[in-house]
Amino acid sequence: MESEQKTVDVSFENLLKIFTVPEGPDSTLTKIEAELSQNLNQFLREHIVADEKPLKEIEKDFSDAAIPEQPSFVSDHTQHLLDTLVAHSVHTAAPSFIGHMTSALPYFLMPLSKIMIALNQNLVKIETSKAFTPLERQVLGMLHRLIYQRNDAFYQQWMHSAEHSLGAFCSGGTIANITALWVARNNALKAQGSFQGVEKVGLYKAMQHYGYQGLAVLVSKRGHYSLKKAADVLGLGQDELVAVETDHNNRLCVKDLAQKMASLKAQNIKVIAVIGVAGTTETGNIDPLSDIASLCAEHGCHFHVDAAWGGATLMSNRYRYLLDGIEKADSVTIDAHKQLYIPMGAGMVLFKDPDAMRSVEHHAQYILRKGSKDLGSHTLEGSRSGMAMLVYAAMNIISRPGYELLINQSIEKAKHFAALIKAQPDFELISQPELCLLTYRYVPTATKQALEVANQAQQQALNDKLNELTQFIQKTQRETGRSFVSRTQLNPQHLNQLDTIVFRVVLANPLTHNEILESVLSEQREIAKQAPNLSKQLQSLTNDILEK
Ligand SMILES: *Cc1c(COP(=O)(O)O)cnc(C)c1O
């Protein structure tokens, strides 16, 4: 086989070709491009095979660490990619893939992203981006306005001002959250008299100057793991990220927040930020943002809202009230690559005050000179792509009312699915959807009755078995490849806070219709039957309880 393959020489002449003329119209790549642009969904359906090839087997295709000494033809290598990589990718755009925040994309983003890559603009500085810089500033202005709803004059004044910044475009929610806390930290420990500020002298001297015994950031127990990373890289330490209790709906408990803030203050520990979550990653709930804002104002600390996932709800005039209070936040994280249907690599952090980012401003001699409009002077990341172009295009092509329709139908579908789950004798809704995310589990009908009368030890025993069953169903369903829900562990109040494994569903794909939801449930019911031992154990536990 190997020896029959045509080979290509390593020559400078051939290398020049890859920078200039593409292969002819019959090449594999050209055919794929045509397929991609003619019918995106068909392309994905045809090229991703829903087989059960285990990861261990797939690893064998990616096991050679040597960089090839022999070049390949583009067509040959493209075929190789189709066979080894594309075929065993995850079909995240499938209407039955309802487990994560990654979903289908509008078709027009494929050709547009080609333009973006062809232009290869670097948004770090005007010299390599020109029109892309005002475009990105406008996109930040649009998202800022969506949150803070300031008037035209405000945006005329600040959006393109060299000395100001309404936010930062970045690769995702993680960097956005780090940026927000970076600004919060530097503003809390800012220069004063001869003290030069934490950004110059570091945390130890800054805390000495201000006389603090420690620093803290508060967020509910449902806060995203990126905040731990942020606490780590900002030198606070993960333990300084204080977890606030949540209520029965996974929302931050304001009373506990007030107590914790008072207690930290008494210990002379400076709270540099409190974070409200607008759309928790695991349960999709929204913290009481207005109440958190009041506490932050009282304590003079930065209020950040992590709306990485839920922020897109602001597009909906019908549902934006769910995020009331977000306009009081000093900063807000929104991921365009979640509910704004943009491919990954599109996060944003917006700041209410156009001056807020001054404390993280950086300058260099060859770029980012003082007074320049280079975006890089306010971003954690350096070189960055022109992703903002895709957000800009989607905002124009879909428009605000278009996004509203997408958001509304997702929320309403989640409500429908919740009702469907509740109507089943053998399923249990664990968290009611506020947005388009919900959790539930499979519980055989008799076991449901047993759970209601069980004592604590019995409840625990039943729950342990149900956890095993949920895991088994989720894993089997994923491996079979027909549909996908994710799973997480919660401690629901109505289940005495027992560790409870649940299915997690995110209904983002507009192509997911109600019959698919019904079939997901019947598939799960069928898979449950494939675990005879577990079922038997669960049944005997159940019988023991019900017979008494
Ligand atoms: C997804 C998410 C993040 C992290 O965003 P990435 O884009 O994955 O870095 C942070 N917070 C919340 C609430 C999220 O849902």
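Q: Which way do the residues of β5 point, and are they buried or exposed?

A: Here's the general idea: along a regular strand, side chains alternate between the two faces of the sheet. Now the case at hand, which is a predicted model: His302, His304 and Asp306 point one way from β5, while Phe303 and Val305 point the other way. Every one of them is buried. With five of its five residues buried, β5 is largely enclosed by the rest of the structure.

Q: Which strands pair with β5, and how do they run?

A: Take β4 to begin with: five bridges join it to β5, and the two run parallel.

Q: What about helix α13: which of its residues are buried?

A: In α13 (residues 289–299), the buried ones are Leu289, Ile292, Ala293, Leu295 and Cys296. Looking down the axis of α13, you'd find them within an arc of 165°, so they line one face of the helix. The face turned away from that buried side carries exposed Ala297 and Glu298.

Q: What do the buried residues of α13 pack against?

A: Their packing partners are α12 (254–266), β4 (269–277) and β5 (302–306). And just after α13, have a look at glycine 300, which takes a positive phi of about 60°.

Q: Where is glutamate 412, and which residues does it contact beyond its neighbours within four places in sequence?

A: You'll find glutamate 412 in helix α14 (residues 388–422). Glutamate 412 is partly exposed, with a relative accessible area of 33%. Leaving aside neighbours within four places in sequence, it's in contact with Arg318 and Tyr319. Glutamate 434 lies 22 residues away along the chain, and the C-alpha atoms of the two glutamates are 9.9 Å apart.

Q: What does UniProt list for residues 448–479?

A: The unreviewed UniProt entry lists them as a "coiled-coil region". In the model, that stretch is 94% helix and 0% strand, with its end C-alpha atoms 27 Å apart.

Conventions
Residues numbered from 1 in each chain as written. Predicted model: local features only at pLDDT ≥ 70, side-chain atom pairs only at ≥ 80, totals over all residues. Heavy atoms only, no water. Buried < 20%, exposed > 50% of the residue type's maximum accessible area, 1.4 Å probe, protein only. Arc of directions from axis to C-beta. Contact = heavy atoms within 4.5 Å. UniProt positions renumbered as here; feature names shortened; annotations may be inferred. Pairing = 2+ DSSP bridges.
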